[in-house]
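Please keep the sequence and the three-dimensional view side by side while you read the paragraphs that follow.

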Amino acid sequence: MDYKRIVLFAGHYGSGKTNIAVNYALHLAREGKTVVAVLHDLQSAMQTADHILLLDKGCVAAQGTPETVFASGQLDRVFGVEVCRTSTEDRWQYYCKPFCN
């Protein structure tokens, strides 16, 4: 395996910096690099990743394409909110609503 082609992004980037990190990761992916990113921003992860690994207390709760992970219902359970989506012109827009009891 050519480890020079793998890039790891990890950590919480803070306000506005997530977009910079994600855009740079997309640039590297377009250059043929494999990018593994730890994202805490659900919207960024769902819109940019080819493959999602959803963790719950260190265990895999769901994995697959963003569509597969969304359809599993595990996002709702793990985050304790209702994860919804709406269609825009070119992609899905994800958002969260608190559960109503």
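Phe 9 stands opposite Ala 37 in β2, and these two residues belong to a pairing in which β1 and β2 run in the parallel sense over four bridges. Two strands are said to pair if DSSP finds at least two bridges between them, while the elements themselves are DSSP runs numbered from the N terminus, with helices being H or I runs of at least four residues and strands being E runs of at least two. The model is a predicted one, in which local features need pLDDT of at least 70 and side-chain atom pairs count only at pLDDT 80 or more, whereas totals for chains, interfaces and linings use all residues. Residues are numbered from 1 along each chain as its sequence is written, and side-chain values use heavy atoms, with hydrogens and water left out.

In a regular strand the side chains alternate between the two faces of the sheet. Leu 8 counts as exposed because its relative accessible area is 61%. The C-alpha atom of Leu 8 is separated by 8.1 Å from that of Val 38, although the two residues are 30 residues apart along the chain.

Which residues does Leu 28 touch, not counting those up to four places away in sequence? They are Val 7, Phe 9, Lys 33 and Val 35, where a contact means heavy atoms within 4.5 Å. Leu 28 lies in helix α1, and it counts as buried because its relative accessibility is 6%. Leu 28 and Arg 5 are 23 residues apart in sequence, and their C-alpha atoms are 9.1 Å apart in space.

The protein chain has four helices and six strands, and from the N terminus on its elements run β-α-β-α-β-β-α-α-β-β. Of its 101 residues, 25% are buried. Among the contacts with a separation of 6 or more, 33% come from residues 24 or more positions apart.

The largest pocket holds about 860 Å³ of space, and of the 30 residues that line it, the closest to its centre are Ala 37, Val 38, Leu 39, Ala 45 and His 51. A pocket is found on a 1 Å grid over the protein atoms alone, as an open set of points where a 1.4 Å probe fits, with protein on both sides within 12 Å along at least five of seven lines, and its lining residues have an atom within 4 Å of a point. The largest share of the lining, five residues, comes from α1, and β2, α2, β3 and α4 are among the elements that each supply at least two. By class, the lining has 23 nonpolar, four polar and three charged residues.

β3 pairs with β4 in the antiparallel sense over five bridges, and in β4 the bridge partner of Asp 56 is Cys 59. The hairpin of these strands has two residues between them, and there Lys 57 takes a positive phi near 55°. Lys 57 counts as exposed because its relative accessibility is 80%.

The last pairing joins strand β5, residues 81–87, to strand β6, residues 92–98, in the antiparallel sense over seven bridges, and a hairpin of four residues connects them. Within this pair, Cys 84 stands opposite Tyr 95 in β6, and Cys 84 counts as buried because its relative accessibility is 11%. Cys 59, by contrast, counts as exposed at 51% relative accessibility. How many disulfides does a search of the whole structure find? The search finds zero, a disulfide being a pair of cysteine sulfur atoms within 2.5 Å. Cys 84 is in no disulfide, and the nearest cysteine sulfur, that of Cys 96, is 7.9 Å away.

How values were computed. Grid points are joined across faces, edges and corners, and a volume is the space filled by probe spheres set on the points. Ala, Val, Leu, Ile, Met, Phe, Trp, Tyr, Cys and Pro count as nonpolar, Asp, Glu, Lys and Arg as charged, and the others, Gly among them, as polar. Buried means under 20% relative accessible area, exposed over 50%, partly exposed in between (1.4 Å probe, protein chains only).
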